[in-house]
Amino acid sequence: MKIVTITSFLILYCGLSTYAQLHITPDSNLEKQILETGFIHSPLPLNTENSFETNEMKKNILYSKPLCDKENPDCWVHSGLGNMVYTKDKTISGNGSLKLEFPTNTGKRATGSPSDPDYATYGSSKVTYIIKGENWEKYNRIVFSIYPDCDGARVVNMNLSFVNNNSQSKPGYNSPSGSHLINLKNKQWNHCFLDIAEYQRDKVMSISFDTSLKGKDRTTGDWATYYIDKIELQQIEEPEIVSGWVPGENKIIYSSSGYSINSNKTAILSGNREEKRFQLLNATNNEVVYENNTKQEKTSIGEFNVIDFSSFNNQGVYKLKVGELVTPSFLISERVWDNSLWRVLNFIFCQRCGYAVPGIHSTCHIDLCSKHNGKSISYAGGWHDAGDLSQQTLQTGDVTFSLLEAYNKLKDRNTPLAMRLLEEAEWGLEFMLKNRYGDGYRASSVGLLIWLDGIFSTQDDISTVRVQNLAFDNFLYAGYEAYAAMTINRDPMLQEYLQRIAKEDFDFAIEKYKKDGYGGFLHFYEHSYNTSESQYMATISWSASMLYKLTGEEYYAQLAAEYIRYTLECQRKEPLKDRNKTKGFFYRDKSRQSIVHYNHQSREQVYMQAMTLLCETQPNHSDYNKWVESIQLYGNYLKGLMQYTAPYGMVPSGVYHIEEYKDIKGFNSLHLWPPANANELYIEQVQKGAKLDKEHYVKRFPVWFSIFNGNTAIHLATGKSAAICGNFLKDEELLNVGLEQLYWTVGKNPFGQSLIYGEGHNYPQMDSFSSGEMVGEMPVGIRTLGNDDVPYWPQTNNACYKEVWVTSAGKWLSLIAEY
């Protein structure tokens, strides 16, 4: 309440007429919205004007045809809850619409699989249009209109499923079927589309519209109704590219947020454009402020024309122009990332659990509990992890630490933003603390898809939240608590408590580790399951250094120096036999069977966090030069990787050995639910990378097999590592590697799309089926298709690559905190 009161005071003090005078963000319209939401105590309003969907709906339609006759009973089949009727009550075509209606309460308990019994819905309602093998290859888009009429529902969405007869796959198509989530606005017509050029569609069997029943929020009515109308096939001009490195013919690929002062500033076009001259325009008056020739570049991923205006460093708002192509406006500024920080903070706020988020949900999940030793704790709090309603305490801890990092960076430069970041960090910190049982055990995670009624002792109560005493988790909690104790100085008693429990949690962790050793990861649904032994030891060292920095007790300094020695032994110091003499990466353990990789959650930054914190806290230690050498080796390794994705700046996944699958334990901890032929698929995927020598390849994207794929957290964590090294070594090239990860995320990728909703331009809808579209939401990230090593980012909106994820948001904040 303290921060809300301060916020209310600021709004009253400043007055509506003085919004622009605070300068809390470069965007005056965003600043107005921030103040109107009470410094983000209600969600920022959506801006769909610059969205991917709005841009795509402007494309020229070459020809079209209505899809179906709704009144033909042989066309449509209903399954699941509720019923389907044809009606003229609501219609946009004038010919009537399909009405899907179902109750919002089944009177039964949601039941999932035996391995994850509470990850379940109450069922679904579906209508399917039977097509019987039509050829749709002359069309590349399906359009339709949906009117949700769902009393009390703040969040509404539907899935469109597409099925082709896939008995014979055809070359040139990415998928024979798929499911696409559409986020909708309640009680109005929503005009929607799905581009289907990537789908095999020579024998289309059916399309379906369905929605799942996920329990009732406080305001939810007793029935949900959806009207579906005006379904049409279209052929549009210039469909979007969804796979590959070469951008569309009429696109300038650029960072749509803008560029930092005194950094590399480049943009990209396809390699076969005739225009060889570009201009940088003042966005206010369209005057040319800089111009030069584009540079033709042939790299390992294709041929491109590159725009380079790195030497231009005047702050302002600009556009790029090549021939008739002109980009929307973008910033060149020292504060280029402030807009995104407010927006991503908004997303994190909207993901709050146990809190009434205006327009999204009421106080939730109070009757979700853990149990341990006869005690019980409500698991409400922190943030919902992703598009679903799952929770992981350690994930909340990670994001809390990132918020605190961002606060420390901004507290002297942008106080309102810093204080709001601090408030959100305190929300996450409280969740970390409340779930301690005080004996080393913590409530750790739950998989969840439904809203609960908030009343104890009813049939939807859940008390199966996982509880565990895991040394690795406690090492991280201790480090986070120590950092919080050194950061939050407005609550002395909280600081005192944090110092005490940081020491307690470290003691629990070291005792458990000395008893059981490395490992102990019980739940593969938790994203610490992939932790390697070298990362584990780096984590112990980093945590101990944090405790040493907090307490000054030599005991922690000794442990920090001791445990990093294992990690140092896992670093490759001998060059490979490639032309670049590659070295500096880390192996999972001292056996050196497999190299450290990540394919979903990544904590790669901990290696460099541990090394640099050792150097900071123990500059006179006898091993100091070894720590510096490690930082230099790793920094040079990262710099050497960048050639493999040039002219883009996305840092590759890294070096792979061709036989890492033989490390069975490490392989299975990284690749959940591997297929029976995982070894063969691993070899195929690795060989799609850039060959270094007979045994090693550089993979641009990770090897992955399961639903857990998407690159955002991975390359942002590596970017964080590069920035940490760059700051320590005063190396501008490494600092630019970090910045390039930010640029890639907001549009400097082959698809020209921003992966932060509302930030920059051309941001798509994402898979947020529980909380709806949110400003600042970030996805799991761009993935690959099949066994290829090229980016794949279709419009098709499903889990998990397009699912929103607070981990991605935390990585964004953490990387920006380095600048």
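Strand β21 (residues 368-372) and strand β25 (residues 462-468) run in the parallel sense and are paired over 2 bridges; two strands count as a pair if DSSP finds at least two bridges between them. Within this pairing, S370 stands opposite V465 of β25. Strands of a sheet pair through backbone hydrogen bonds, either parallel or antiparallel. Both strands belong to an open sheet of 5 strands with mixed pairing, in the order β22-β21-β25-β24-β23. At its edges lie β22 (375-378) and β23 (391-392), each of which pairs on one side only.

The model is predicted: local features need pLDDT of at least 70 and side-chain atom pairs count only at pLDDT 80 or more, while totals for chains, interfaces and linings use all residues. Residues are numbered from 1 along each chain as its sequence is written, and side-chain values use heavy atoms, with hydrogens and water left out.

Stepping back to the whole chain, 17 helices and 30 strands are found; these are DSSP runs numbered from the N terminus, with helices (H or I) of at least four residues and strands (E) of at least two. The C-alpha trace spans about 80 × 70 × 65 Å along its principal axes. For 819 residues, a compact globule would have a radius of gyration near 28 Å, and the 26 Å of the chain agrees with this. That radius is taken over C-alpha atoms, and the globule rule is 2.2 Å times the number of residues to the power 0.38.

Two helix pairs can now be visited. Helix α4 (residues 338-350) and helix α6 (residues 415-434) have axes that come within 11 Å and cross at roughly 25 degrees. Axes are lines fitted to C-alpha atoms, for helices over the stretch in contact, and angles between N-to-C directions run from 0 to 180 degrees. The angle makes α4 roughly parallel to α6 (angles under 35 degrees count as roughly parallel, over 145 as roughly antiparallel, 65 to 115 as roughly perpendicular and the rest as oblique). Contact (heavy atoms within 4.5 Å) involves, among others, W342 and F349 of α4 and L417 and R420 of α6.

Helix α7 (residues 471-487) packs with helix α9 (residues 533-551) at an angle of about 30 degrees, their axes being 9 Å apart.
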